[in-house]
Each structure stands twice: as structure tokens, then as C-alpha cells.
Amino acid sequence: MPATSRDANLRFRTRLFTAIVVLSNVAGNSLLTHGMQKLGDPGNTPLALIGALFHPFVAAGVALLIVWTLSHMALLSWADLSYVMPVTAIGYVLTAFSGRFILGEEISVYRWTGIGLITLGVMLVSRTNPVSAGESPR
Amino acid sequence: MKWFLVFLLVAATTAGDVFRSMGMKHHGEIDDFRPGAIGKALGLLVKNRYVIISTLAMAVSFFSFIKLVAIAPMSFAVPMSAATFIPETILARVLLKETVNWQRWTGALLIAAGVVFISQ
């Protein structure tokens, strides 16, 4: 495959998998949290924590977090950790919004500032090459 | 208890991400997404020692997280896990030998600062 075509393919695949990683993580965490809050504190024993996995919202959250794990692994097979980690941090912003608009949690001025800083950081890192300079995707 | 769980979450997530990245680079780029190819890749990955260590660390991270969200709001618990950005960026440079330019360092610092604010 010519270098430019390969670069374009890599960029497209990186963006697609970044979107899957972020959305599955945000939706998975939201469902998991909703389920855990409905369930209450399950206790400290491993069996009690495993038992919590059978709650429908918790189970749906876990299923989406499995999608997150597999897509995250695929993304890391070619992209740098120091690229993937910050770029997927936009999920924290989406999580804060879902906490506000779905779960009705308050977002203070401090939290809005945090959301702004995280967004700025993500924008900065997303401008870099997903694969370390001088190396072809492994 | 809340801060102990945050510490456990950050340490386990950092270890999990670094070993996962190490394992996936060791495995090689995944660019064939047909079911058979995915099954073959998964068969190899379950035997990859870095991926095994990563999975164990992620399991600790996961159970710390669900325990944390049971006793704290999601908008506290989830952003707290972003405290991994600094140690992970350092380990990406030192252990994974990635090229971490100023944009990545600044981005990681901005996000870490964002976490401090978002957890207020």
C-alpha cells in the first residue's frame, strides 16, 4: 500500500477506534454506575462484588466495557499509549455531561474549568501523529 | 476508604494500560477485522504474558472502580481515574520508548490539571 494511502487508512482507523473506545467507555461506566447506585453498597467480599454483576444495568455496563477493552486493545496494537490515553480522555467530559443530564448530578464552576482544561489537552494531543515519529506502525 | 480506592484504581489502571500497550505492540498491529482473524488474534492474546498481567491489573482496577462508584458520585469517581495520565506518560517514554513531544506532555499536564478541578 502506498505510504500516503496507508497513512490515511491509519488515521481513519485511529479515529474510528477512538470513537468506539470513548463511547463504549462512557456508556458502560454510566450504566455500571446507575446499576451500582440502584443496588447500593454490595459489601467488601469478592462474592458480593461478583453477585452485583448480575444486576441488569451492571451487566449491560460490563458488556459495553468488554467492547471498550477489545477496541482499546486493537487501538493500542498500532497507536502510542501516550497518544491513546489523552485522546480518549474526552470520555471524562462526556461522562461529566452524562452525570449532569442523565443522573442529575451538579457540575460546579470548578468542574466546568476542569472540563475546559481536559478538552484543551485532548485537542493538543490529537494533533500529534498516533505512531511515534520515525517508526512505522507495528 | 474513598482515597484508598482512588490510589488502588490509579496504580492498577497505570499498570494495566502500560502492560496492555506492551502486549499489543509485542503481538503486532491488528488490521484484519474479519471474525476468523479476530478469533485467531484473541487466541494468541490470551497467551501473551503482558496481556495476562494487564488483565489482572485491570480486574483490580475494575473492582476498585465499582466499589468507589457505590460510595461516591460518578462525577467524582470517573475523573479520579484520570490521575493516571502523568505516570502513564512517563512510563510510555521510559518503558515503551515512545516519542513524547511537548504537545503530548502539555496535553497530559492539562488533563491532569483538569482532573484536579473536575474533582472539586
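Which element supplies the largest share of the lining of the largest pocket? The legends below take this up, starting with the pocket.

This is a predicted model, in which local features need pLDDT of at least 70 and side-chain atom pairs count only at pLDDT 80 or more, while totals for chains, interfaces and linings use all residues. Residues are numbered from 1 along each chain as its sequence is written, chains are lettered from A in the order in which they are written, and side-chain values use heavy atoms, with hydrogens and water left out.

**View 1. The largest pocket and its lining.** The answer is α3(B), which brings 10 residues to the lining. The pocket has a volume of about 1,000 Å³. Of its 41 lining residues, the closest to the centre are Leu65(A), Trp68(A), Thr69(A), Arg20(B) and Met58(B). By class, 26 of the lining residues are nonpolar, 12 polar and 3 charged. (A pocket is an open set of points on a 1 Å grid over the protein atoms alone, where a 1.4 Å probe fits, with protein on both sides within 12 Å along at least five of seven lines; lining residues have an atom within 4 Å of a point. The volume is the space filled by probe spheres set on the points.)

**View 2. Where chain A meets chain B.** Here 67 residues of chain A are in contact (heavy atoms within 4.5 Å) with 56 residues of chain B. Together the two chains bury about 4,900 Å², 69% of it on carbon and sulfur atoms; this is the accessible area (1.4 Å probe) lost on being put together, summed over both. Across the interface there are 12 residue pairs in polar contact, both residues at pLDDT 80 or more. (A polar contact pairs N or O atoms within 3.5 Å, one able to donate a hydrogen and the other to accept it; residues adjacent in sequence count only if both atoms are side-chain atoms.) On the side of chain A that touches chain B, α6(A) gives the most, with 12 residues. That side divides into 37 nonpolar, 21 polar and 9 charged residues. (Helices are DSSP runs of H or I, at least four residues, numbered from the N terminus.)

**View 3. Salt bridges between the chains.** Side chains of opposite charge can pair when their charged atoms come close. Chain A and chain B share 2 salt bridges, each a side-chain nitrogen of Lys or Arg within 4 Å of a carboxyl oxygen of Asp or Glu. Asp80(A) meets Arg104(B) at 2.8 Å, N to O. Glu29(B) meets Arg13(A) at 2.7 Å, N to O. In this pair, Glu29(B) sits in the loop between α1 and α2 of chain B, and Arg13(A) in helix α1 of chain A.

Technical notes:
Helix = DSSP H or I, 4+ residues; strand = E, 2+ residues; numbered from the N terminus. Nonpolar A, V, L, I, M, F, W, Y, C, P; charged D, E, K, R; others polar.
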